[in-house]
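Me: I would like to go through this structure slowly and ask, for each label, what stands behind it.

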There are 2 protein chains.
Amino acid sequence: MTDAEFLESYDPADYPPMAVAVDLVLFTVAEGRLQVLLVRRAAQPARGQFALPGTFVRLRESLDQAAARGFREKAGLSGSVRQFAAFGSLDRDPRMRVVSIGYMALSPRRSVPLSTDRRLVPVVRGVAQDEHGPLTLPFDHAEIIRSAFLHLRADLDHSLWSFGLLEQAFSLRELQEVHEAIREQPLNKPAFRKRLLQSGKLIPTGGSEQGNRFRPAQLYSVNQDWRDEER
Amino acid sequence: MTDAEFLESYDPADYPPMAVAVDLVLFTVAEGRLQVLLVRRAAQPARGQFALPGTFVRLRESLDQAAARGFREKAGLSGSVRQFAAFGSLDRDPRMRVVSIGYMALSPRRSVPLSTDRRLVPVVRGVAQDEHGPLTLPFDHAEIIRSAFLHLRADLDHSLWSFGLLEQAFSLRELQEVHEAIREQPLNKPAFRKRLLQSGKLIPTGGSEQGNRFRPAQLYSVNQDWRDEER
DNA sequence: CAAATAGTGTCTCTAAGACACTATCAT
DNA sequence: ATGATAGTGTCTTAGAGACACTATTTG
């Protein structure tokens with residue numbers, strides 16, 4: 001039997017059908033802390049509760065396309081997305097068997113539109129919090145956020161990904177604040193500056209900060225040609 | 001409407017059904033090089049060609065369970081598995097829409113049973129090779145192997161995962177050979193020894209190598225309590 | 001004691017941390 | 001000039017690379 005003959009006789013219904021979804025973790029940094037976007041669920045189950053945005057993957061779109069569409073529709077954002085894990089426990093969704101692919105996006109705080117149904121909450125050691133402490137989230141969304149956080153932190157020094165948390169041009173102080181928010185510890189200023197300036201990741205824009213009543217900082221943008229030699 | 005009422009009225013057929021599979025990347029180190037297991041496909045499509053082992057995920061098993069079952073059935077191995085990515089391009093399988101979750105397993109060379117339908121091929125910079133050069137693999141299996149390789153290398157110093165490539169007790173020289181195979185570059189012996197002995201990852205077993213006609217090496221095993229503080 | 005590999009001592013070099021210093025802007 | 005932050009020089013310390021050395025086993 002050739003491949004062509006086989007495909008004629010082949011019945012997709014022979015294979016166990018599942019729904020495939022994407023769950024979306026949007027991180028930003030505000031007030032010195034990493035924050036994650038939660039949206040109020042408009043539909044059952046867990047209707048009215050705050051949870052990660054997500055959407056089902058359509059038959060004619062790739063996972064990456066579904067994630068980008070989800071961020072656009074549910075979070076009002078465009079930008080690059082990054083897959084970090086898949087979640088497929090038997091009981092993760094009460095409706096049916098749903099396998100969900102976790103995607104992360106990063107955005108500067110200014111670009112995240114909020115509303116009563118869309119809010120940012122701090123993430124401490126990978127756990128979403130409100131004023132009172134750790135939040136209880138529906139489904140396995142707490143696990144998904146923790147996984148996204150660990151991937152973000154692991155790649156911090158080895159990719160350009162984290163620069164998505166900053167505007168296109170930024171100062172070294174802003175960059176350091178982002179690193180401190182992700183690592184959740186203060187960093188040594190001279191060492192941080194030397195390391196990043198020597199890393200080849202940064203390109204001076206020539207511009208500097210405006211409107212401060214003190215010495216303005218030089219601005220930099222990302223060197224998109226940078227590649228990590230190690231790992 | 002409550003969640004319970006909602007679940008009553010809910011029809012799974014409203015959601016786009018897809019097949020979910022796991023693709024399995026078994027790495028081992030032999031002859032100083034990283035190698036990957038390929039199996040000859042018994043079924044269409046691409047019947048008779050060598051490819052990654054894989055299996056469809058059943059409705060009543062988790063992704064991790066499906067991966068463990070796949071390694072058992074198709075590769076004859078038991079041991080821990082690690083998910084590293086999901087693959088969901090539209091055209092990756094000619095039969096139907098299949099989303100595949102990539103899983104990796106590591107095994108010492110001695111524990112990998114081979115046959116005419118099961119062989120190991122070297123992996124160079126993430127690309128499976130035979131004597132003549134890079135192999136052409138069906139589906140998106142070349143991409144899956146490359147992704148697995150990058151995840152393996154990225155975690156080399158930050159997890160205990162790579163110790164799966166060694167027997168339970170091993171010498172520092174064997175450990176260094178594994179690191180050199182994964183990083184594809186020679187390492188400095190004194191520096192490597194100091195770093196690993198100080199890392200807290202190793203526990204001396206007290207035993208030493210046997211049967212050599214030269215000085216026998218001390219043997220070590222993994223300290224499973226080790227945790228990475230950074231990243 | 002010869003062969004072969006295990007394991008170490010030392011020097012150098014690089015990079016990070018600590019700390020204090022100088023530089024530069026608005027007002 | 002003052003206030004506030006940008007940015008730097010220097011000293012110390014920790015760890016990696018290079019290289020050559022010593023140690024331990026079998027035969």
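Reply: The largest share of the surface near DNA strand C, four residues, comes from α5(A), where a residue is near a strand if its C-beta atom, placed from the backbone, lies within 6 Å of it. This is a predicted model, in which local features need pLDDT of at least 70 and side-chain atom pairs count only at pLDDT 80 or more, while totals for chains, interfaces and linings use all residues. Residues are numbered from 1 along each chain as its sequence is written, and chains are lettered from A and ligands numbered from 1 in the order in which they are written.

Me: Which residues come nearest to DNA strand C?

Reply: Of the 19 residues around DNA strand C, those that come nearest are A:Ala191, A:Arg215, B:Pro190, B:Phe214 and B:Gln218. By class, this surface has eight nonpolar, three polar and eight charged residues; Ala, Val, Leu, Ile, Met, Phe, Trp, Tyr, Cys and Pro count as nonpolar, Asp, Glu, Lys and Arg as charged, and the others, Gly among them, as polar.

Me: Which residues of α4(B) are called buried, and why are they said to line one face?

Reply: A residue is buried if 20 or more other C-beta atoms lie within 10 Å of its own, exposed if 12 or fewer, and partly exposed in between, with C-beta atoms placed from the backbone; in α4(B), B:Leu175, B:Val178, B:Ala181 and B:Ile182 are buried. Seen down the helix axis, the buried residues of α4(B) fall within an arc of 125°, so they line one face, the arc being that of the directions from the axis to the C-beta atoms.

Me: How do you know that β1(A) and β1(B) pair?

Reply: Two strands pair if DSSP finds at least two bridges between them; β1(A) and β1(B) have three bridges, in the antiparallel sense, and therefore count as paired. In β1(B), B:Met18 is the bridge partner of A:Met18.

Me: How many residues of chains A and B are in contact?

Reply: In chain A, 35 residues are in contact with 36 residues of chain B, contact requiring C-beta atoms, placed from the backbone, within 7 Å.

How values were computed. Two residues are in contact if their C-beta atoms, placed from the backbone, lie within 7 Å. Helices (H or I, at least four residues) and strands (E, at least two) are DSSP runs, numbered from the N terminus.
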